[in-house]
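Let's take a friendly walk through some side chains and how they sit beside one another. Have the sequence and the 3D view ready as you read.

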Amino acid sequence: MDDQKTSDHSNKSIDLRIHSNVEIGSLEDKAVLELADEKLGRAVSIARKQHSFKENSLGSDVFNKKCQNNLWNSIKIVVFSNKLNILMIFGPAAIIVNQTTGLHSMVFLFCLLGIIPLAERLGYATEQLACYTGPTVGGLLNATFGNATELIISVFALRNGMIRVVQQSLLGSILSNMLLVLGCAFLSGGLVIMKREQVFNKATAGVNSGLLLMSVMGLLLPAVLHSTHTELHFGKSELALSRFSSCIMLLAYAAYLYFQLKSQKKLYNMEESETESDDDEEAPVISMWEAILWLSILTVWIAVLSEYLVDAIEGASHALKIPVAFISVILLPIVGNAAEHAGAIMFAMKDKLDISLGVAIGSSTQIAMFGEGTSNYFKGLMLIFCYLIIAASFFVHVDLDSVVDKPQGENGG
């Protein structure tokens with residue numbers, strides 16, 4: 001019996017050792033597995049980080065490449081898509097000629113040629129921006145930025161004391177919009193659509209004719225006061241009346257904007273609904289911010305060339321034997337209205353005569369002579385002929401109040 005107890009005790013010891021060894025083995029195996037799992041987790045984490053880094057690098061490369069492609073596409077569309085843009089080379093050429101030779105005639109002609117495509121591209125960028133704002137606001141943007149070139153030229157002319165040049169260029173701008181730009185729009189639209197007369201909104205025509213009447217009064221009454229010498233305070237009343245009329249016209253234009261955009265939208269809804277389907281087909285090709293950026297760049301470049309242009313007016317007038325009045329009334333407004341000219345013709349050829357009228361006469365608010373609401377190519381031809389007669393008159397006219405170079409040679413030396 002003692003032997004049996006001894007045997008049982010020995011078996012228990014053996015079992016205990018076996019279990020201990022098994023437990024130790026299992027712990028070692030568990031530690032090995034945990035270590036393996038930890039290493040595997042680290043490897044997976046590193047792999048994930050590397051994959052994430054590669055994805056971020058790939059995404060960054062794609063983004064940078066996309067930005068580069070967008071930039072190149074934007075430059076290609078704005079700068080290289082129009083054959084007229086070949087004239088842009090005359091801008092830098094004008095600056096080089098001015099710095100090296102000082103020939104006023106060459107600088108003047110090169111600046112004129114260089115500003116023409118810039119003004120047209122300014123109108124194009126405005127049209128692209130107008131795609132994001134709607135037809136009504138788009139028309140106002142076209143009318144506003146269409147005058148940016150003229151405004152810049154006038155600012156530099158005033159800085160040089162050429163008040164008469166500014167006055168004559170304003171007159172020329174009105175004549176150019178009323179006769180040349182609108183005439184070319186009617187002529188082009190009438191030739192493309194010869195089977196019928198083109199129609200525009202007579203309601204908006206009435207509004208613009210009222211603005212025209214007020215503008216004529218604002219310009220005419222101070223001139224009458226000056227010519228009749230009936231001023232209450234000599235030398236002061238005329239200036240005071242002119243400034244008062246200018247303030248009234250600014251208020252009237254602000255009221256017109258409110259009337260068009262807020263108060264009486266129904267008058268312009270017909271125009272927008274008629275062009276809605278066409279606008280859907282003409283999606284913008286550059287983004288809104290790209291259009292704003294191009295507007296800024298083009299405006300700055302136009303300002304640079306305008307300064308050289310104004311400085312060369314007097315010398316060019318003497319060298320080319322062209323009256324300053326002709327330069328101010330005819331040449332400067334034609335260059336300044338290049339954007340409006342191109343836009344008005346383009347819209348007229350697409351049978352969007354309401355937009356053509358808004359672009360061409362938005363700055364001069366003239367439309368009364370077309371109150372029946374229709375147009376054809378013959379009306380456009382008559383307007384162009386009237387403009388040619390006026391241009392010829394100023395070509396043989398010498399304005400004694402204009403600033404003319406003394407006969408000292410072309411470079412003013």
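Predicted model: local features only at pLDDT ≥ 70, side-chain atom pairs only at ≥ 80, totals over all residues.

## A residue to start from

M382 is found in helix α16. Together with L191, M194, Y377 and F378, M382 makes a nonpolar surface patch of about 510 Å². Which helix gives the patch its largest share? That is α16, which supplies 3 residues.

## Rings that pair up

Now for the aromatic rings. A pair of such rings is described by two things: the distance of the centres and the angle of the planes. Here the count comes to 3 aromatic pairs.

Take F90 and F110, one of these pairs: their ring centres are 5.3 Å apart and their planes meet at 55 degrees, so the pair is tilted. A pair would be called stacked under 30 degrees and edge-to-face over 60, so an angle between those limits gives the tilted label. F90 belongs to helix α2 (residues 90–100) and F110 to helix α3 (residues 104–130), so you can look for the two partners 20 residues apart, in distant parts of the chain.

## A pair with another angle

F326 and F395 have ring centres 5.0 Å apart, and their planes are at 80 degrees, so this pair is edge-to-face. The pair also links distant parts of the chain: F326 lies in helix α13 (residues 324–336) and F395 in helix α16 (residues 377–395), 69 residues apart.

How accessible are the two partners? F326 counts as buried at 13% relative accessibility, and F395 counts as partly exposed at 43%.

## A charge, a ring and a contact

Next, find R121. R121 lies over the face of Y124, at 4.3 Å from the ring centre. The side chain of R121 also makes a polar contact with the side chain of E120, at 2.8 Å.

Where does E120 sit? E120 is in helix α3, the helix that also holds F110. With 13% relative accessibility, E120 counts as buried, because buried means under 20%.

Key: Residues numbered from 1 in each chain as written. Heavy atoms only, no water. Phe/Tyr/Trp six-rings, centres within 6.5 Å; stacked < 30°, edge-to-face > 60°. Helix = DSSP H or I, 4+ residues; strand = E, 2+ residues; numbered from the N terminus. Buried < 20%, exposed > 50% of the residue type's maximum accessible area, 1.4 Å probe, protein only. Lys NZ or Arg CZ within 6 Å of the ring centre and 35° of its normal. Patch = residues over 30% accessible without salt bridge, like charges linked within 9 Å, V, L, I, M, F, W, Y side chains within 5 Å. Areas by Shrake-Rupley, 256 points an atom, 1.4 Å probe, with all protein chains shown as cover. Salt bridge = Lys/Arg side-chain N within 4 Å of Asp/Glu carboxyl O. Polar contact = N/O pair within 3.5 Å; in protein donor to acceptor, adjacent residues only side chain to side chain.
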